[in-house]
Every structure is written in C-alpha cells, then in structure tokens.
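Welcome, and thanks for taking a look at this one. Below is a short briefing on charges and rings, grouped by topic so you can follow along in the viewer.

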Amino acid sequence: MTLLGRGEAVGGGAGGRRPALSRYALLPLRIFLGVTFIYAGLDKLTDSAFLASGGPGSLGELLRSVRDTSAVPALVDLALKSPVGFGHAIALGELAVGIGTLFGVLARVAAAGGALISLSLWLTVSWSSTPYYYGNDLAYLMAWLPLILAGAPYLSLDAIWSRGRRGHARRGRLFG
C-alpha cells in the first residue's frame with residue numbers, strides 16, 4: 001500500500017511513513033498562515049473604521065498611538081502621510097500573501113512578503129510589548145522563515161508547475 005499514491009511505503013524503515021509524512025510537515029503552518037493572512041486582509045478591507053484617517057479603531061489613530069514607542073518612527077511617519085492608502089496596501093498585501101501561501105503560488109515570494117509585513121508590524125505596532133514575547137508579530141515573523149527556506153514543494157501550484165517543467169525538459173531531451 002502507498003501513501004498518497006506516490007509510491008511511499010506505509011511501513012517503517014528508510015522508505016516508510018516517517019519520511020513520507022515529514023514532507024508535509026510545513027503544510028499545517030502554510031494553512032494557518034495562509035488562512036490567517038487572508039482573513040486579516042479581508043477584515044481590514046471590510047472595516048470602514050480601520051480604513052479611516054482618524055477616529056476610534058482607525059489605522060491613523062493606531063499609528064499615532066505607537067509612533068513614539070516604535071523602533072522605527074520614520075516608518076510610522078511614512079504611513080501617516082496617507083493612512084488610508086497605507087491601510088489598503090497592507091490589506092491587499094496580506095490578501096496576496098495569504099493566497100500565495102495557502103495555494104502555494106510563488107510560495108517563497110509570498111512567505112518573504114509575509115515576513116516583511118510581520119517585521120514592519122513588529123518594529124512599529126508591537127515593538128513596545130513588554131515582555132517582547134507578548135507581541136505576536138515577532139512570532140509570525142519567525143513562522144514565515146521555514147516557508148521562505150522550503151517554499152511549498154507539496155500540495156501546491158508551485159509543485160505542479162515544477163513537475164510540468166521537469167516533464168517538459170525530459171521530453172525535450174528525448175525528442176529534441
């Protein structure tokens with residue numbers, strides 16, 4: 001019997017279950033980060049209070065409140081030049097990162113984008129969290145690193161495209 005129909009043995013040993021299952025070890029992380037970033041992007045895009053320059057719950061108000069305690073106040077100042085535009089950019093970025101991660105489309109690029117978003121949020125919004133591990137953006141940043149390194153080699157569009165390119169290259173050598 002095989003696991004997932006790819007010839008991996010179900011029993012123990014070098015060709016057994018453990019190597020076959022370890023290939024999918026990052027899948028739960030991909031699903032979690034992908035769904036979370038899609039949700040975060042949609043949540044921002046559908047929240048008119050968030051996408052406002054000022055007022056309770058607005059990005060503008062949040063940015064003003066963290067400006068003096070952030071690690072990079074210049075980054076906050078840049079966002080404050082157009083809080084609504086910056087809010088849309090972050091939301092669309094989160095949406096693109098989430099979709100890319102969940103479906104494995106340019107997965108390393110998507111993970112790098114997720115890491116960049118998480119890093120910028122850690123250096124601005126979460127920076128003043130004490131102790132530092134209360135700020136969730138640092139944990140998200142660390143979660144993106146394995147996906148930057150590994151990509152999405154299984155159960156992804158990247159994997160399908162890669163197999164297609166390898167198959168095309170082999171056919172080209174045989175018949176070219």
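**Charges and rings at a glance**

Lys 44 lies over the face of Phe 50, 5.8 Å from the ring centre. Please keep in mind that this is a predicted model. A search of the whole structure turns up four salt bridges, and there are seven aromatic pairs.

**Salt bridges**

- Lys 44 also meets Glu 94 in a salt bridge between their side chains, at 3.0 Å from N to O. Glu 94 belongs to helix α5 (residues 83-103) and Lys 44 to helix α2, so this pair ties together parts that are 50 residues apart in sequence. Both Glu 94 and Lys 44 are buried.
- Glu 61 forms a salt bridge with Arg 64, where the closest N and O atoms are 4.0 Å apart. Both residues lie in helix α3 (residues 59-66), three residues apart, which is about one turn of the helix. Glu 61 counts as partly exposed at 37% relative accessibility, and Arg 64 counts as partly exposed at 41%.
- Arg 67 forms a salt bridge with Asp 77, with the closest N and O atoms 2.8 Å apart. Arg 67 sits in the loop between α3 and α4 (73-80) and Asp 77 in helix α4, so the pair ties together parts that are ten residues apart in sequence. Arg 67 is partly exposed, with a relative accessible area of 28%, and Asp 77 counts as partly exposed at 30% relative accessibility. Salt bridges with shared partners join Arg 67, Asp 68 and Asp 77 into one network.

**Aromatic pairs**

- Among the seven aromatic pairs is that of Phe 37 and Trp 144: the ring centres are 5.1 Å apart and the planes stand at 90 degrees, so the pair is edge-to-face. This pair links distant parts of the chain, with Phe 37 in helix α2 and Trp 144 in helix α7 (residues 136-150), 107 residues apart.
- Phe 37 is buried, with a relative accessible area of 6%, and Trp 144 is buried too, with a relative accessible area of 0%.
- Tyr 132 and Tyr 133 have ring centres 5.5 Å apart and planes at 80 degrees, so this pair is edge-to-face. Both tyrosines, Tyr 132 and Tyr 133, are exposed.
- Phe 32, Phe 37, Tyr 140 and Trp 144 are linked into a cluster by ring pairs.

**Arg 30, a buried charge**

- Arg 30 lies in helix α2 (residues 27-45). Arg 30 is buried yet has no salt bridge, and the nearest side chain of opposite charge, Asp 158, is 7.9 Å away.
- Leaving aside neighbours within four places in sequence, the contacts of Arg 30 include Thr 101, Leu 102, Phe 103, Gly 104 and Tyr 154.

**Asp 137**

- Asp 137 lies in helix α7. Asp 137 counts as buried at 10% relative accessibility, because buried means under 20% relative accessible area.
- Leaving aside neighbours within four places in sequence, Asp 137 is in contact with Ser 118, Leu 121, Trp 122 and Ser 126.
- Asp 137 and Ile 117 are 20 residues apart in sequence, and their C-alpha atoms are 8.8 Å apart in space.

Key. Residues numbered from 1 in each chain as written. Predicted model: local features only at pLDDT ≥ 70, side-chain atom pairs only at ≥ 80, totals over all residues. Heavy atoms only, no water. Helix = DSSP H or I, 4+ residues; strand = E, 2+ residues; numbered from the N terminus. Buried < 20%, exposed > 50% of the residue type's maximum accessible area, 1.4 Å probe, protein only. Lys, Arg positive; Asp, Glu negative; His and termini not counted. Contact = heavy atoms within 4.5 Å. Phe/Tyr/Trp six-rings, centres within 6.5 Å; stacked < 30°, edge-to-face > 60°. Lys NZ or Arg CZ within 6 Å of the ring centre and 35° of its normal.
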